[in-house]
Each structure stands twice: as C-alpha cells, then as structure tokens.
Amino acid sequence: MADKYLVEPDIGFIKEISEYGGGSLKKCFQCATCSVACPISPDTKPFPRKEMIAASWGLKDKLVGNGDIWLCHNCGDCSTLCPRGAKPGDVLAAIRMYAISYYAGFPALGKIVNDPKKLPVLAAIPAVLFLVIGMIFKLFGVHWLNFSPQRVFEENDKIGHIAHHMFFSTWLVDLIFISASIFTVVVFALGLKRFLADIHENALREGKTNKQKIEFKEFFQAFIKTIPTILKHSKFSECGENTERATPHMMVLFGFIGLAFVTGFFFLVLYGIGIHGPYDALIWSPIKLIANVSGIALIIGSLLMLKSRKAKQEDQVSTYKDWFLIGLVCALGVTGMLTELTRLADAAFLTYLIYYIHLMCVFILFISLPFSKLAHLVYRTTAMAYNEYAGRK
Amino acid sequence: MDKKYGVYICTGCGIGDALDIKSLSDVAEEEGFSCQSHPFLCGKEGVELLKNDIAEKGTNTLVIAACSRRVNYDAFHFDGCIVDRVNIREGVVWSHPRAEFPALTEEEKEEGDKFDRVQMMAEDYLRMGMARVGKVTLPEPYLLENFTRKILVLGGGVTGMSAAMDASKAGYDVTIVEKQAHLGGNVANWRQQLPISAPYENLIPTVVADKIAAVEADDRITVKLETEVARIAGEPGNFTVTMKTPGEKIEFDVPFPLPDDMKVDENGKDLDVDAQHAKYLEYNEGRQDILQLDPTGEKFGAVILAAGWRPYQPEEGEYDYLGLGQVPDVVTNYEFEQIAAKGKIIRPSDGKEAKSVVFIQSPGKGDDSDFAYTGAVTSLVALKQAKYVCDDYDDGKAYVFYQHMRTPGLSENFYKSIQQTLGIFLTKGEVTGVSKNGSKLAIEASDTLLGENIQVNADMVVLATGMVPVTVDSPVINLAYRQGPGFRDNDLFDGYADSNFICFPYETQRTGVYAAGAIRRSMTIEESVEDATGAALKAIQCIESANRGVSVHPRSGDMTFPDFFFQRCTQCKRCTEECPFGALDDDDKGTPKLNPTRCRRCGTCMGACPERIIGFADYNIDSIGSMVKAVQVPSEDDFDDPPFRILGLVCENDALPALDIVGLNNLSYSADVRLIPVRCLGSVNVIWIKDALAQGMDGVFLLGCKHGDDYQCHFVKGSELADIRMKKIGEALSSLALEEERVAQFEVAIDDYDKLPKIINDFVEMVEDLGPNPFKGF
C-alpha cells in the first residue's frame with residue numbers, strides 16, 4: 001500500500017487544544033456541514049472537516065504545520081451550523097493558538113503570556129525593568145530616569161509644560177523598546193522559517209500544491225498581492241456569521257498601522273532633526289491628527305470587540321488568549337489617550353503615572369507579540385501569501 | 001337457521017344521485033328479497049330501521065348496499081345475523097364518477113340498445129351479495145376439549161426471564177426451560193452492559209443478577225435447568241410438551257420429515273406413497289409418530305421462543321487476512337468480553353496489558369457490509385468494549401473502524417459519551433489487513449475519514465462478529481407437526497425465527513409460538529427486554545383467543561375455521577403440505593387432521609383442495625362460486641356491442657383497502673370489472689376461474705400481495721401458491737383454445753392505490769384486444 005500514514009494519537013495534544021478553547025472537538029461526527037458552510041474554504045480538500053477528525057484523533061503533526069488553519073478567519077458560520085455543537089471555528093482558533101506557541105519557542109515566556117495566573121508576572125517585567133535599568137544608569141550618573149521631572153520651557157514660555165521625556169528619557173525608552181523589538185523580530189524570524197517549511201511540507205503531503213520548492217521572489221510577489229486583501233478585509237467580509245466583526249477589526253488594524261507610522265515619523269524627527277516632543281505646536285497638523293484618530297480607533301475597535309465577545313459567550317468560546325489580547329489593545333489605547341489628555345490638562349503626577357502604565361502596555365505588546373493571539377498578524381499573513389503562491393488545489 | 005332476507009340500499013354519500021335506486025330495488029325484488037332504501041343508513045334513524053326489521057319482522061340475513069365493509073363495521077353489526085355489505089359507494093359510485101361514465105338520457109333509455117355501465121355494476125354487486133348470503137351460515141366457535149393457560153418459555157436468558165416475569169405479572173403460570181445449568185444466558189458472563197435508562201450515557205452492571213433473583217422469587221415461574229424440549233405436540237391452548245436432558249435420546253424425540261433425496265429411488269424416480277411412508281418410518285426409527293401424544297407430557301397453552309444466540313464461528317481461514325486464528329491477539333468481540341469480564345484487558349498471547357486495541361466492524365474486502373448477523377448492537381458493543389480499554393488504562397487507546405455506526409434511538413447519547421472519551425478514536429474505513437509488527441499488530445486501513453491510507457499499531461484487534469440465532473443450528477422448538485419440527489424456509493430470514501419482521505413482530509410461522517430477543521434479530525439487552533414483553537402479550541393473546549375459538553392473527557377474532565367433507569377426501573395431502581402454518585397433520589393414510597387453534601383462517605387449504613371439500617361457514621367454494629355466477633354477462637343477444645365482463649379476485653389485506661382508497665380519492669377504473677374480496681389469494685380455488693370463463697366472462701385477474709423472497713403476503717405463502725396455480729391454469733386454458741393471458745395476477749401493496757386504476761384498465765384493454773370470450777352466450 002502506497003503512502004501509509006502511521007497514526008499515533010497524542011492525547012496530551014487533545015487536552016491542550018481543549019484548554020485553548022477547543023473543548024468541543026470530540027463532539028464532531030464528521031458530517032462535514034462545516035466544510036460546506038464555510039464561505040472561504042476551498043472547493044478541494046476543504047477545511048475544517050479534516051482538521052476536526054485530526055484534532056479528535058490527536059494528530060498534532062497534521063495540524064500544527066497545516067496552512068489551512070490560518071486561512072480560516074474564525075467567522076463562526078461552521079460553529080453555528082454544526083449539528084453536534086462541535087464548534088469547529090473555536091477548535092481551529094485553539095489549534096492556531098497551539099501553533100503560535102509551538103513556533104514561538106521560548107515555552108517559559110509563552111507560558112507567562114498565555115497563563116492568566118502569570119499576568120502579574122508579565123506586568124511586573126516592564127514595571128521593574130524600567131526602574132531597574134533607569135536606576136542602574138543613575139548609578140553611572142546618567143539621569144534617564146527622573147522622579148521629579150522638570151517642566152520644559154520654550155521661548156517666551158513662562159509657565160512651561162510637561163514633557164514625558166523628562167520623566168523617562170527617550171533614550172531609556174528606546175533602548176528598551178528597540179531591544180524588545182529585536183527580540184520579537186528574531187523570535188518571529190525563527191518561527192516563520194519553521195512555519196513556512198512546515199506548511200509547504202504539509203501542502204505537498206496532502207497534495208494541495210504543485211510547487212515543489214518555495215521560490216522567494218515569487219513568494220514575495222504573492223505576498224504583495226495578498227496585502228490589499230488583508231487591508232480591505234475582503235476574506236474577512238466573506239464570512240457570514242459575524243460580518244460586523246470586520247469593522248472593529250479593521251479599526252484596530254488601521255489604528256495600529258497609523259500609530260506605527262506616527263511613531264516612525266517622530267522617531268525620525270527626534271533622531272534626525274533632534275527635536276523633542278511633545279510637539280504641541282503641531283496639535284492640529286495632519287500627523288498629530290493621524291495619531292489621535294488612530295488612538296481613538298484603537299479604543300473604539302477594541303471596545304466593540306469586547307462587546308461582541310461578551311454578547312456571544314454562548315455561541316463562541318472565549319478564553320484567556322482572547323480576553324488578554326482585547327484587554328491589552330484596549331489598555332494600550334486608553335492609557336495612550338489619557339497620557340495625552342492629562343498632559344494637556346497639566347496634571348503632572350497623573351500623567352506620569354499613566355505614561356508609566358502605557359509604557360508597560362507597549363512593552364508587553366512587543367514581547368508578547370510572537371506568543372499571543374496577535375501573532376496571527378504574522379502567521380495568517382504568511383499563510384495567505386503562501387496560499388496565493390502555492391495556488392492551493 | 002331459517003333465513004329471513006332483507007335488502008337495504010343507502011342513498012347517501014352520492015349513491016342516490018348517481019344511481020337509479022328504483023331499478024336497483026327492482027333487482028332485489030325480482031329475486032324475491034324485500035327491499036328498502038334510506039338516505040342515511042348508518043345514521044341513528046337508519047340503524048333503527050334495520051334493528052326494527054330484525055326485532056319485528058325477524059329479518060336475520062341482511063344485504064346492505066352502501067359503503068365498503070371496511071367502514072361502519074360496528075354500525076352494521078347485528079348479533080345473530082348474517083350481514084353482507086355490498087360496496088356501491090367506494091366500489092361503484094365514487095370510483096366511477098358520472099362525469100366520466102354518464103348516465104343514459106331518456107332517449108337513450110328508450111332506444112334499448114344503450115346501457116349504463118355504472119348502473120349495471122351496482123346491480124351486479126347487489127345480485128352477488130344476495131347470492132352470497134344464501135350460501136353462508138353463521139359461524140360457531142371451535143372449542144378445545146382440554147385447555148390450559150400455562151406458558152412455556154424456551155430459554156433462560158435475559159429475554160426469556162423478562163418474558164416469564166411479564167406473563168407472570170399478567171397472571172399466567174410460566175415454565176422456563178433452559179439448556180444450561182444456570183439462568184442468565186450469554187449475558188451472565190459479561191463485564192458490563194449498555195445503559196437502559198436516562199441519561200443513556202454510561203455503562204452499567206448487567207441486569208442478569210436482578211432478573212435471576214426476581215425469577216427465583218416468583219411463585220408463578222417454574223425454572224427447569226439443564227432441560228430442553230424433545231417435542232411440542234398438539235395445538236395452541238393444548239400443547240403437549242415432552243422435556244428431556246440435553247443430548248438424551250428418547251422415544252418422544254420429534255420425528256423429522258423425510259428429506260427430499262430419500263423420497264426417490266436409485267433411478268431418481270419418486271417413490272410411491274407406501275414406499276415413502278416405509279422410508280419415513282425407517283428414518284425415524286425409535287421415535288413415536290407426531291400424532292402419538294406423550295401421556296406424561298406437560299400441557300401448555302402457548303410458547304415463547306427466547307432461545308437466543310451463539311457467537312458466530314468463522315469458517316476455516318475466513319478472516320485470515322484480519323489475523324483471526326493466525327495471531328492470538330486477534331479475537332472476536334465475544335472472546336474480548338470474556339477477557340474483560342475476568343479483569344483488566346490483557347493480551348491472550350503473553351498476558352501483557354493491552355493498552356491499544358483496534359475494533360473492526362466490517363470485514364472489508366471491497367464491500368462495505370458488516371460481519372454476518374450483526375446490527376446496531378454490534379456497533380454499540382464495540383463502543384462499550386472501547387470504553388473498557390480506556391477505563392482500564394489512563395493512557396488506553398481504542399480505535400473503532402466501521403462502515404456503519406448504528407446507534408439508534410437514545411443510544412445516540414451513549415455514542416456521544418463514548419466520542420467524548422479522550423482515548424477513543426472513531427473512523428469509517430475499510431480495514432485491509434492485520435499483521436504482526438514486532439510485539440505489536442499493524443492494522444492497515446483505506447478510505448478512512450483521515451483521508452489517506454493509514455496504519456495503526458496496536459496490542460490487540462477485536463472483530464465485531466455477529467450473533468447467530470440458534471435456529472440456524474437446529475429447529476429448537478421441535479414441533480411434532482407433519483411439516484417438520486422447525487420453521488419452514490427459515491433461510492429467507494438468514495435463520496432468524498420470524499415470519500414478517502416489520503408488519504408482524506413476534507409472530508412466527510407457527511401459531512402459538514412467539515419469538516423474542518436475539519433469535520429474532522441481533523438486539524441489545526434493552527431491546528430484548530422490550531421484545532420479551534411483546535412476545536408475552538402475543539402468547540397471552542393467543543391463549544385468550546384459543547379459549548374462545550377465534551383466530552389470533554392476522555384475522556384476529558375470526559370465529560370460522562376450515563370444515564372438511566371427509567367422505568370425498570382423496571388423501572392427496574395437498575392441504576397438509578400447502579398450509580403455510582402447518583395447521584394440518586395427516587395420519588398414516590394421509591387423511592388430514594385439522595388443528596383449529598393452529599389455523600389462521602387464510603383458506604389456503606380451500607384454494608388447494610382439488611376436490612373442493614374444504615370451506616368456512618361464511619366463505620366457501622359455493623359462496624364465492626355463486627357470486628361469480630350471479631354476475632350478468634351480456635352477449636350479442638342483449639346488445640349489438642355488449643360490454644366485456646372481467647372478474648377480479650381481490651385480496652382483503654392490501655388490495656381491497658387500496659381499492660377503497662381509489663374510491664376515496666375519486667380515481668376511476670373500468671366499470672366492466674366485477675370484484676370479489678377473498679381472504680388471501682391462497683384461498684382462490686381455480687374452479688371459480690373456470691366458472692367465470694365458462695359463463696362467458698372475458699378475463700379474470702387476481703390482485704394480491706407481493707410474493708417471493710421479499711413477500712408481503714399476510715399468510716406467508718398465499719400469493720406465491722396462487723401464482724403457481726395460475727400458471728398451471730394457463731395450460732388448461734390453452735387446451736380449451738382460450739388465451740393464457742385472460743388470467744393474470746398482479747401484486748399490489750396498500751400504498752399502491754394510485755397504480756391500481758392503470759393496472760385494472762390495462763388488463764381490461766388487453767382482454768378487449770383479445771376479443772370477447774368465445775364461450776359467451778352459450
């Protein structure tokens with residue numbers, strides 16, 4: 001018999017998927033209603049029916065490196081129509097979460113990110129880091145951390161105003177954040193390398209592609225082609241059950257893009273021209289407008305997500321991974337806006353405190369990125385690009 | 001009984017509008033019958049009219065021309081009176097609407113050469129009804145001289161014990177006969193059983209211990225262990241049962257009929273009757289004849305057959321490719337249960353823990369059929385046994401490969417709970433082979449839900465082989481009947497003791513013997529317990545019918561029974577041999593001996609008898625023959641272009657109701673047919689057909705149930721026998737220069753009503769094409 005697949009169920013894997021919110025996976029009786037219902041599943045070798053049996057048999061090797069789990073946008077049509085309550089949408093979400101941990105490596109850090117009991121530890125890391133590094137520098141006479149920050153006076157300015165860099169110096173912040181970003185990028189790079197190899201191998205084994213090797217030039221072109229789809233959320237909108245989720249998701253995505261752009265812009269302004277914030281003179285300029293609108297989008301988007309998850313608690317499994325991410329995004333937006341508002345209101349203590357919390361949030365965002373659900377940004381994008389490249393059949 | 005006749009015509013339900021009631025009444029009066037019509041005969045006033053006539057005028061033989069006899073049965077039932085229901089509503093008016101069959105205009109009536117087909121039809125039916133009542137009498141019940149209400153249960157397993165307790169609760173004394181030295185049957189050696197109550201999710205200890213305790217505590221139940229029946233003689237209400245120790249040889253062991261190959265001499269020629277009888281005696285040397293009653297035998301009224309099943313024994317090499325018999329760790333589900341009952345699941349080969357077990361539900365080999373004698377129960381057993389593996393070992397893994405996963409009813413809950421067990425893995429798929437792989441077994445499967453050819457390595461393999469009813473191996477019931485000790489043609493049912501699984505559960509081909517449990521089909525314990533109740537109720541129904549001299553089933557309550565005019569019997573044995581229920585025995589001369597409580601009143605004997613000496617009080621050769629003769633067959637002397645006359649003999653069970661539905665739905669068929677209901681096509685005696693053709697009718701058709709392997713005949717063999725007889729009559733017809741096609745038989749089911757008009761009309765058209773019967777007018 002040609003190409004026999006040796007079945008070796010991993011019961012531990014089934015348990016982990018259950019903990020990630022896929023507890024209904026064993027209810028599946030393989031009717032394939034899900035695959036029929038799914039608006040974005042391909043016509044050949046459609047998901048999620050095959051993923052469901054692989055999950056209930058504990059066949060980790062068929063799932064973790066399976067690009068199809070990333071093509072799912074978790075709209076929930078399948079879960080709504082499932083006659084057995086097996087919730088394929090949630091099972092796929094749980095498998096994706098497992099895959100994120102799997103490719104991220106650093107299991108200890110992954111555990112801190114994804115275990116609700118470890119949340120205080122996670123929060124403590126940046127809180128302590130900023131203070132400790134700041135103090136260490138202070139020992140060497142570098143005052144990047146000032147507990148009684150001075151006001152900044154510009155020309156003809158008698159009263160002066162608050163500037164956050166007088167509290168945590170931009171040098172300190174950027175030193176830490178750039179390190180964190182490098183860590184994140186490295187983790188992602190290592191994960192992505194394995195991920196891409198795995199999904200290609202899986203596609204070859206399951207006969208989903210004709211491409212024997214990944215040609216990076218073509219792959220990059222496919223990636224470029226995928227970007228409009230992602231930005232427009234066109235796959236997302238094909239999903240039936242919760243199209244209303246597309247808008248908040250888009251708000252959050254564009255919020256992040258906007259903020260990243262503004263951050264980059266001022267990074268250049270600071271290190272290129274050497275002008276320090278808070279750039280109050282530019283308050284009505286387009287660039288500040290983008291920043292503020294993005295921040296507001298982030299807050300509203302995440303609040304809407306929170307609301308819809310709350311409303312759907314019966315139909316959709318929400319676990320810590322989901323609440324963590326929404327909570328973080330929301331906290332990020334709120335602390336960011338409050339930092340600005342309290343600064344403008346000249347409430348010195350409050351604004352420094354909130355700024356401190358905001359920095360913690362940003363740090364957590366950076367280091368948890370490869371381990372949290374937010375990693376879908378990278379893996380789904382890659383899987384969609386691969387799908388475009390491989391011409392899934 | 002002196003008959004005083006009365007004809008009553010109902011003019012309601014459209015009858016009065018469609019028919020000329022005056023002419024119809026004249027038909028009755030021409031025959032000397034008093035005739036009255038009423039617009040609403042089944043109403044209070046109409047029934048009063050009939051009752052008055054019965055009370056005051058002494059009318060006791062009523063011909064009621066109104067609706068079908070299948071409706072208003074109670075309204076038109078009068079104690080001590082013969083009633084014939086002439087169906088002019090469904091059978092004439094409703095099925096022959098005036099829009100299609102217009103009445104004659106006044107001018108046409110004057111002309112004299114025109115005729116009204118529908119009016120003719122109604123008039124013929126009235127004549128037929130009047131002819132019939134002249135030839136029938138009121139039935140009198142046959143009462144047994146000796147009668148007992150005791151019930152015999154064969155088999156002391158769950159089914160037998162449950163049936164015994166149910167019968168006991170209803171007030172009947174019961175004796176359980178069990179071959180083995182203990183009660184409990186197969187279930188006695190099981191670890192656990194499937195759930196029998198809500199929430200139907202978890203395995204439970206077997207019910208056997210409780211059942212045994214309850215049976216032993218029941219004063220009405222006698223248990224005979226290490227006993228089997230040597231023979232059951234007699235008839236329901238009065239069976240004489242001889243019991244013996246299993247294996248023992250006694251004079252009352254039941255004799256077997258002579259096998260066919262012993263009925264011929266060396267040259268293959270049939271032996272004559274005497275030679276056959278001599279051979280028969282030789283063949284059954286040392287055994288008493290069936291008619292010899294055991295003076296020490298115990299009396300019983302009815303028998304519940306709950307002898308159960310045995311595990312399937314694969315033939316030599318049958319499942320070699322699955323490793324059975326090749327590798328010790330490949331076992332059947334029966335063997336696996338015994339391992340499980342002893343303690344933790346261990347491998348037979350080396351006694352090591354069996355932590356991964358593959359359950360195979362279908363033998364594969366290119367088709368998707370399951371093992372023989374399986375069903376929902378074997379699916380459920382695989383799930384149960386898979387659970388054992390996970391119960392015994394925390395890291396246990398059980399794989400179930402199935403082609404069909406059948407978990408009917410609430411056992412779906414059990415399936416769901418099994419699905420939730422982490423270590424149980426289910427897939428549809430074809431297992432292609434099992435082989436040794438180091439210390440493990442390698443199981444290969446294709447076409448699985450996993451989408452590719454797969455291999456599983458496991459410690460053990462379990463094959464879901466079936467539950468073979470013990471009736472496959474021996475007759476079990478050992479009836480001292482001339483037709484033989486067991487059920488006839490039981491291979492039609494793969495050896496299961498059943499006469500018609502869907503329509504008549506519990507019924508067997510022998511009245512008074514009711515099957516329950518796994519001898520009927522593979523069943524779970526829960527189903528068997530329920531089945532036992534059904535069979536117990538049937539046994540009680542049988543006893544309480546036999547004591548009143550009425551039929552049990554399917555003509556429940558029929559008080560008639562076949563009556564023989566023995567002076568003219570030629571001892572041809574056809575009745576004995578053709579009776580579908582073995583109701584007739586014969587003595588060594590071949591004279592039939594009727595056992596009325598075995599009889600189901602189908603009349604197959606009446607149809608079989610070449611001497612026409614068998615009949616029933618209200619249904620006999622003469623009564624139907626007279627109806628045939630009462631049909632007026634117009635010839636060219638009457639009209640220039642006389643209408644054809646075609647006789648239809650219609651089975652009461654499916655075809656007649658279907659015809660009523662035709663009327664109810666205002667479908668129409670030819671008005672040239674005349675239909676006569678018969679109890680079963682098996683009761684149709686060819687003389688009626690000859691009579692019909694001899695008096696000039698142009699064709700005869702029989703409407704009855706499907707026959708063959710998937711027969712639907714309510715009397716098992718009736719329509720099949722009719723078919724054989726019709727083929728023979730065809731030869732006789734051609735010798736008379738009549739076309740064989742003039743006689744035909746059609747199969748209809750009750751839901752085929754929409755096809756009936758076409759069947760009838762096509763036959764009429766075909767006969768019209770043949771031309772009129774050349775004997776017409778003679």
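**Reading a two-chain predicted model**

Q: Which strand does β15 (residues 397-402) of chain B pair with, and in which sense?
A: Strands of a sheet pair through backbone hydrogen bonds, either parallel or antiparallel. This is a predicted model, and in it β15(B) pairs with β16(B) in the parallel sense, over 5 bridges. For a reference point, take Ala398(B), which stands opposite Ile424(B) in β16(B).

Q: How does the chain get from β15(B) to β16(B), and what is the hand of the crossover?
A: The path runs through helix α12 (residues 411-419) of chain B. This β-α-β crossover is right-handed.

Q: Why is β16 (residues 424-428) of chain B described as largely enclosed?
A: Count its buried residues. Of the 5 residues in β16(B), 4 are buried, so the rest of the structure largely encloses the strand.

Q: What are the overall figures for chain B?
A: Chain B has 20 helices and 30 strands. Its C-alpha trace spans about 100 × 65 × 65 Å along the principal axes. Of its 778 residues, 50% are buried. Take the contacts in chain B with a separation of 6 or more: residues 24 or more positions apart account for 71% of them.

Q: What is the strand order in the open sheet of 4 strands in chain B?
A: The order is β2-β1-β3-β4, with parallel pairing. β2 (35-38) and β4 (82-87) of chain B stand at the edges. Each has a single partner strand, so one side of each is left without a neighbour in the sheet. The twist averages 20° from one strand to the next.

Q: How many bridges join β3 (residues 61-66) of chain B to β4(B)?
A: There are 6, and the two strands run parallel. One residue pair to look up is Ala66(B) with its bridge partner in β4(B), Asn87(B).

Q: Which strands of this sheet does helix α2 (residues 21-30) of chain B touch?
A: Helix α2(B) packs on the sheet and touches β1 (5-10) and β2 of chain B. Its direction makes about 150° with that of β2(B). Now look at helix α6 (residues 117-135) of chain B. It lies across β1, β3 and β4 of chain B and runs at about 165° to β4(B).

Q: What is the order in the open sheet of 5 strands in chain B?
A: Read it as β7-β6-β5-β11-β22, with parallel pairing. The edges are β7 (221-224) and β22 (513-515) of chain B. Each edge strand has a single partner, so one side of each lacks a neighbour in the sheet. Neighbouring strands are turned by 20° against each other on average, direction ignored.

Q: How many bridges link β5 (residues 151-154) and β6 (residues 174-177) of chain B, and which helix packs on the sheet?
A: β5(B) and β6(B) pair in the parallel sense over 4 bridges. Ile151(B) has Val174(B) in β6(B) as its bridge partner. Helix α7 (residues 158-169) of chain B packs on the sheet, touching β5, β6, β7 and β11 (302-305) of chain B. The direction of α7(B) makes about 170° with that of β6(B).

Q: Which strand of chain B pairs with β1(A)?
A: Strand β19 (residues 454-458) of chain B does, in the parallel sense over 3 bridges. Tyr5(A) stands opposite Ile454(B) in β19(B).

Q: At what angle do helices α9 (residues 170-205) and α16 (residues 376-390) of chain A cross?
A: Roughly 35°, with the axes coming within 11 Å. The crossing is right-handed. Among the residues that meet are Phe188(A) and Leu192(A) in α9(A), and Val378(A) and Tyr379(A) in α16(A). The contact residues divide into 11 nonpolar, 1 polar and no charged.

Q: Where is the cis peptide bond that involves Pro48(A)?
A: It joins Phe47(A) and Pro48(A), with omega about 0°. Pro48(A) lies in the loop between α2 (33-37) and α3 of chain A.

Q: Is Tyr373(B) buried or exposed?
A: Tyr373(B) is buried, with 22 other C-beta atoms within 10 Å. Its phi is positive, about 60°, although Tyr373(B) is not a glycine.

Definitions and conventions
Residues are numbered from 1 along each chain as its sequence is written. Chains are lettered from A and ligands numbered from 1 in the order in which they are written. This is a predicted model: local features need pLDDT of at least 70, side-chain atom pairs count only at pLDDT 80 or more; totals for chains, interfaces and linings use all residues. Axes are lines fitted to C-alpha atoms, for helices over the stretch in contact, and angles run from 0 to 180 degrees between N-to-C directions. A crossing is left-handed if the near helix is turned anticlockwise from the far one by less than a right angle, and right-handed if clockwise. Two residues are in contact if their C-beta atoms, placed from the backbone, lie within 7 Å. Ala, Val, Leu, Ile, Met, Phe, Trp, Tyr, Cys and Pro count as nonpolar, Asp, Glu, Lys and Arg as charged, and the others, Gly among them, as polar. A residue is buried if 20 or more other C-beta atoms lie within 10 Å of its own, exposed if 12 or fewer, and partly exposed in between; C-beta atoms are placed from the backbone. Two strands pair if DSSP finds at least two bridges between them. A crossover is right-handed if, with the strands pointing away from the viewer, the path from the first strand over the helix to the second runs clockwise.
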